[in-house]
Amino acid sequence: MTSPLHVRRHAEVCAVLRDPYFVVPPAGAGAGDILDGPLGWLRRNVSRFSEGTVHRRRRALSEGLLDGIGPVRLRAEARDRARVAPPEQVPFVPVTVLASRLGWPEERLEEVVRATRAVAGAYQPGATAERAERADDGVRRLVAALPGGWYGDGAGRETEETAQRIGLLVQACEATAGLIRNTLRLKGTSTSRADVPGSARTEDLVAETLRLEPPVRGTRRQALAGAVLAGHGAVPEGTAVLLDFAAANRDPEVFADPDRFNPARPAPPHLTFGHGIRPCPGSAHALALACGVLDDSTPSHSAPSHSAPSHSAPGGKPRMKAMDRFEEFRLLHRAGVPLLLPNAWDHASAAALAGAGFRAVGTTSLGVAAAAGKPDGVGGTREETVRLACALTRLDALISVDIEGGFSERPEQVAALAAELAGAGVVGVNIEDGRADGTLAGQGRQCALIRAVKDAAPALFVNARTDTHWLPGPGHAAQTAGRVAAYQQAGADGVFVPGLQDGPAIAELAAGLEVPLNILHSPTGLSLPALAELGVRRVSCGSLLFRAALGAAVATAEAVERGTSLPAWPGGSTGIPSYAQAQALADEYGAGRP
């Protein structure tokens, strides 16, 4: 079997995209490619996975569906809907707008967005069985909600038109949502470096985001007989060609200062959202939708003059502006529905958690330290923590970082670390008052540290942890209420009391706080619904997942040694990802994602 060809240089990526001898792999061409069930029906019938005359016919259907939908109107509608949408739904406003224009009724749009996200999660090859099952259900719901929708092979134009409508929604889903999130993040983290002019147009911000942090980081092609690529020579028939947009968009031979976010950057353009002989048929529409959502977050946007923004919704309710990642993370701490924060220890674990649908992912200091062969809690893993944090911000997830006690006793150094992490895209930090010798830092000293961090990185969510119930010591537990109140007064955005598991004590503590109370999950303690009823707004997994992974690794090795069955998850499955699924976790960081 021929090894895949990785293409990273801008000129070579352009050459492949323009060459008819490099084609999109058809449905069924790859391992793990789903061809049965509703998802398989969709993939067999959309233009995205077809070639030749079939592709041209289906593409014409897609273009016909979009012809009557003007990008200017789409942008105005996206802007209006974004102002009144719940913050967590803002990135998916483009799906809502497009679905309403493609024929789905208004009263079904929330259901349509949920179903589209389920389908998008398994649309490309290599999806897990669980994701494929959710996608099958999503396809069924989308067809059922579409008046005149038709599901099934052999129904001619009705089947293909329904498939193209769904395909347009799916392709506009995660890619456009990712573009919105990335633009807000880059704009927010770059303005402190004076890289973004105050008058930058929304279009320029979006274009530069597509270059520097494209939501789709790569794509695939398959070589036909006779394919040739300059610099590589003849490419054997059937070779998988992996196009790395992220690397090509930072090619120093093409882009000056390629790692800098510069919305004023002149041509040449990025390679994503429409390039080569198979450009996206809805690229103008997708860009208009993203710009509409982002307009209110841009100081000087180029909205059409006939649809100037207003600041109140119908009925006089205030409109909500498009959010940034810091705000999104803050709003996940909801009363009655606490944020469950799983904690990762490396890129693969974080990518797996993000891929499973966890919007926010934390890190575990124990996992990071143990993976590096160092002890936890002694301030020896600053380098490893920062390196991991910067890598994880490339994922489509909100990242909060455990920085132990700040890796320094000097508030100005801890503040500098916080500013560095916020600048890299981290949305929150967890900072503790426990020390390696079993003592607690002085309350006044800890308050000064919290104030310094908030001064250096005002948007960063500071989760102030007190180890009064975690470290054995005389009188520690009695200090809990006083310490969390002081940390709140110092500017902490949330307080964390690991080890506290007494229900009445948790309820009393939560009732006296204005900021969210975070509790550490215990397998033998209170459940997530029980903690929610007590007023807890965030529940962390801490090092549990890391320790569970270690236990599973040893148990699997012992099962192989004994010749017994591998440890099973509920339902009989081992829950072990395939090689391709594990490799796909690396693709989430670099290139290779279809």
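Which residues of helix α1 (residues 10-18) are buried? The first view of this predicted model takes up that point.

**View 1. Helix α1 and its cover.** The buried residues of α1 are His10, Glu12, Val13, Cys14, Val16 and Leu17. Strands β1 (5-7), β2 (22-23), β3 (218-223), β4 (228-229) and β6 (240-244) are among the elements that cover them. Helix α10 (245-248) is also part of this cover.

**View 2. The largest nonpolar core.** This core holds 61 residues. Phe329, Ile403, Leu421, Leu460, Tyr487 and Leu517 touch the most other members. Helix α16 (residues 411-424) gives the core its largest share, 5 residues.

**View 3. The surroundings of Phe329.** Neighbours within four places in sequence are left aside here. Phe329 is then in contact with Leu339, Ala360, Leu398, Ser400, Val427, Gly428, Phe461 and Arg538.

**View 4. The second largest pocket.** The space in this pocket comes to about 560 Å³. Its lining has 34 residues, and Ser365, Asp376, Asp402, Arg465 and Trp470 are the closest to its centre. By type, the lining divides into 12 nonpolar, 14 polar and 8 charged residues.

**View 5. Elements that line the second largest pocket.** Strands β9 (360-363), β10 (398-402), β11 (428-432) and β15 (538-540) each supply at least two residues of the lining. Strand β10 gives the most, with 3 residues.

Notes:
Residues numbered from 1 in each chain as written. Predicted model: local features only at pLDDT ≥ 70, side-chain atom pairs only at ≥ 80, totals over all residues. Heavy atoms only, no water. 1 Å grid on protein atoms, 1.4 Å probe; cavity = no way out; pocket = protein on both sides within 12 Å on 5 of 7 lines; lining within 4 Å. Points joined across faces, edges and corners; volume = space filled by probe spheres on them. Helix = DSSP H or I, 4+ residues; strand = E, 2+ residues; numbered from the N terminus. Nonpolar A, V, L, I, M, F, W, Y, C, P; charged D, E, K, R; others polar. Core = buried A, V, L, I, M, F, W, Y, C linked by side-chain atoms within 4.5 Å. Buried < 20%, exposed > 50% of the residue type's maximum accessible area, 1.4 Å probe, protein only. Contact = heavy atoms within 4.5 Å.
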